[in-house]
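Visitor: Could you walk me through this one? I have it open and would like some orientation before I look at details.

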Amino acid sequence: MPEPFYITTPIYYVNDVPHIGHAYTTVAADAAARYRRMMGSEVFFLTGTDEHGQKVETSAAEQGVSPKALADRVVTRFQKLWEVLNISHDDFIRTTDARHQEAVQTLWRTVAEKGDIYLGEYEDWYCTPCETFLTALQLQEGTCPDCGREPEQLKEESYFFRMSRYEQRLLAHLEAHPEFIQPESRRNEILQFVRGGLKDLSISRTTFSWGIPVPGNDRHVIYVWFDALTNYLSALGYPSRTERFGAFWPADVHVIGKDILRFHAVYWPTFLMAAELPLPRQVFSHGWWTVDGEKMSKSKGNVVDPVEMVRRYGADPFRYFLLREVPFGLDGDFSEKAMVGRFNADLANDLGNVFSRVTAMLDKYCEGIVPRADTSGDLAVQAERAVQRVDEEMERLAFHKALQEIWGLINGINRYVDQKAPWALARETSRRAELDGAMASLMEALRVVTLLVSPFMPVTAEQAAAVLGLQEGWCSREGLRWGASLTGAEIAKAKPLFPRIDTAETPGREPKQPGAAAAKQTEQITLQEFNRLDLRTGVIREAEAVAKSERLLKLLVDLGEAGSRQVVAGIAEVYAPDDVIGKTVVVLCNLKPAKLMGIESQGMILAVEGENGLSLVGLDRPVLPGGKIH
Ligand SMILES: [Zn+2]
């Protein structure tokens, strides 16, 4: 039986308007949670809202309502978004829940009894919008380093947590557990910060009252981060040692944005050390999104509304895009153009097309019934390898890599169709067994793909499962095993899973139905204009992958008498370097040189986006390199 799995998102500030950042964290945690459930783990997936603090108190006063009434009204924005995005959380905690208040006060008392809380005087800077205390050193030209606003100077009575006492222990923990903070770059930041020395931390306030009172001193409310972080315990039933608590604490991973790493990687573990509770196994900090290359901000008006994205493209494509576009842990850029590009290339062309292609052939050659046949062979090996690799990538939350592996299998299915050519097998009755074997293998591969995509695109997976006639409980570890599980199943006619989006439309319109994308009127040119293109045949002599790029290959192309030149081509997702060496291709030689990933490209290789993905333009008989195309 696999280990139980406890995964959390941060609790979001209730008064915030949900944006792409909130959606990103939560979708990522959801995909991880769904994957673990499929693999048989008992999963506890927690999200919620942080509802205390000065900002909520002030907003509520402005609106003439109580802070709780304000929170009750605005919390639904998050709850609705998670519904829209099909988030499968097991609990939604609010810091105004009675269960949470009790947990926070107990944690406080436990730490105080240890002698780690004392009353002192706080004199420093505080950024109210960020709810962050700042030292004079952290200020940048007198403003908050995170939001650029001017912080307030504070001098007030405050309780302090003896964080300094845990400096060495935290450092030892960080050093002994490299996996504790991921990715590595973030871990280094924290190591550096802790090595710089930990000061005691102010953990109470007297300047506002909307918070959890300090036990035994009602004039103070507990600092929002001491309050908020405790949610990871209170949702499990802490301080009671419930069964849930026993099964799930310590958490396997806290998924967070990098802006709140210090609270999770420094404050939280030291609070837990003081309370003598085990530390979470991992804090994974992901990057930030820019929008069309610019920082997202309310003033620029470029904040991406996830609800609107779901309305335009559907929940699954949006989820897919977020997890596929950017390695988890790095910063990324969101644009609707990129989103539509992925939709058409990966979802409509690859995934959607392979389903309709294979099920249409099953219909045609096997009357829609999966034949009983031997399914061992190439495709079985590929599928088993994909399942294994996806597992490794999901283990380290490398969602984009897991998706690449799945798409590798999808490409493999398309190649298998081309190799086996079922239409040719169907013409010869003597090859019936071969045809049956190919069709049964293809259907089995579609079944495996359905399971593999389900954590990322749960609705699409359900639709695909319905087409394949999969029975209840199909989404399981057992189901990932290659076998003749579909034998005899009658397959429903597949509707396209992802009708293409017509890119001639401006983004923002409703997706069009397929077929509506009529051929665009293209501008006419003269022969002279065509002759300006120096198109020649070339033979690829060398090819290598470009570091840090999934798409690019660096090629050395032999152009015969015209010499040879270096071309960087965006074909790596379809062609391995070894696949292209020796191939004759068509090169546009007089394209202005450009730098791609810092490498100069002196020309362009022609390719076409076909129904089975990208294909290099070739020639139908051998031609020497350097031949002019006209
Ligand atoms: Zn700030």
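This is a predicted model: local features need pLDDT of at least 70, side-chain atom pairs count only at pLDDT 80 or more; totals for chains, interfaces and linings use all residues.

Visitor: Which domains is the protein divided into?

Guide: The division gives domain 1, covering 333-480, and domain 2, covering 527-616, and the C-alpha centres of these two domains lie 30 Å apart.

Visitor: Let's switch to α6. What does its length look like against the expected value?

Guide: Helix α6 runs over residues 184-195, which is 12 residues, and it reaches 16 Å from its first C-alpha to its last, close to the 16 Å expected at 1.5 Å a residue.

Visitor: Which residues of α6 are buried?

Guide: The buried residues of α6 are Arg 186, Arg 187, Ile 190 and Val 194. Seen down the helix axis, these buried residues fall within an arc of 100 degrees, so they line one face of α6.

Visitor: Why would residues three or four places apart point the same way?

Guide: An α-helix has 3.6 residues a turn, so residues at a spacing of three or four places point the same way.

Visitor: What covers that buried face, and what is on the other side?

Guide: The cover over the buried residues of α6 includes α5 (167-176), β7 (181-182), α10 (261-274) and β13 (283-286), while on the other side of α6 the residues Glu 184, Ser 185, Asn 188, Gln 192 and Arg 195 are exposed.

Visitor: Which residue just after α6 takes a positive phi?

Guide: That residue is Gly 197, where phi is about 105 degrees.

Visitor: New topic: what is the strand order in the open sheet of 3 strands?

Guide: The order in this open sheet is β9-β11-β10, and the pairing is antiparallel. The edge strands, each pairing on one side only, are β9 (204-205) and β10 (213-214).

Visitor: How many bridges are there between β9 and β11?

Guide: Strand β9 pairs with β11, residues 217-222, over 2 bridges in the antiparallel sense, and Ser 204 stands opposite Ile 222 of β11.

Methods. Residues are numbered from 1 along each chain as its sequence is written. Two strands pair if DSSP finds at least two bridges between them. Helices (H or I, at least four residues) and strands (E, at least two) are DSSP runs, numbered from the N terminus. Domain bounds come from an automatic or database domain assignment. The expected span of a helix is 1.5 Å times one less than its number of residues. A residue is buried if 20 or more other C-beta atoms lie within 10 Å of its own, exposed if 12 or fewer, and partly exposed in between; C-beta atoms are placed from the backbone. The arc is that of the directions from the helix axis to the C-beta atoms. Two residues are in contact if their C-beta atoms, placed from the backbone, lie within 7 Å.
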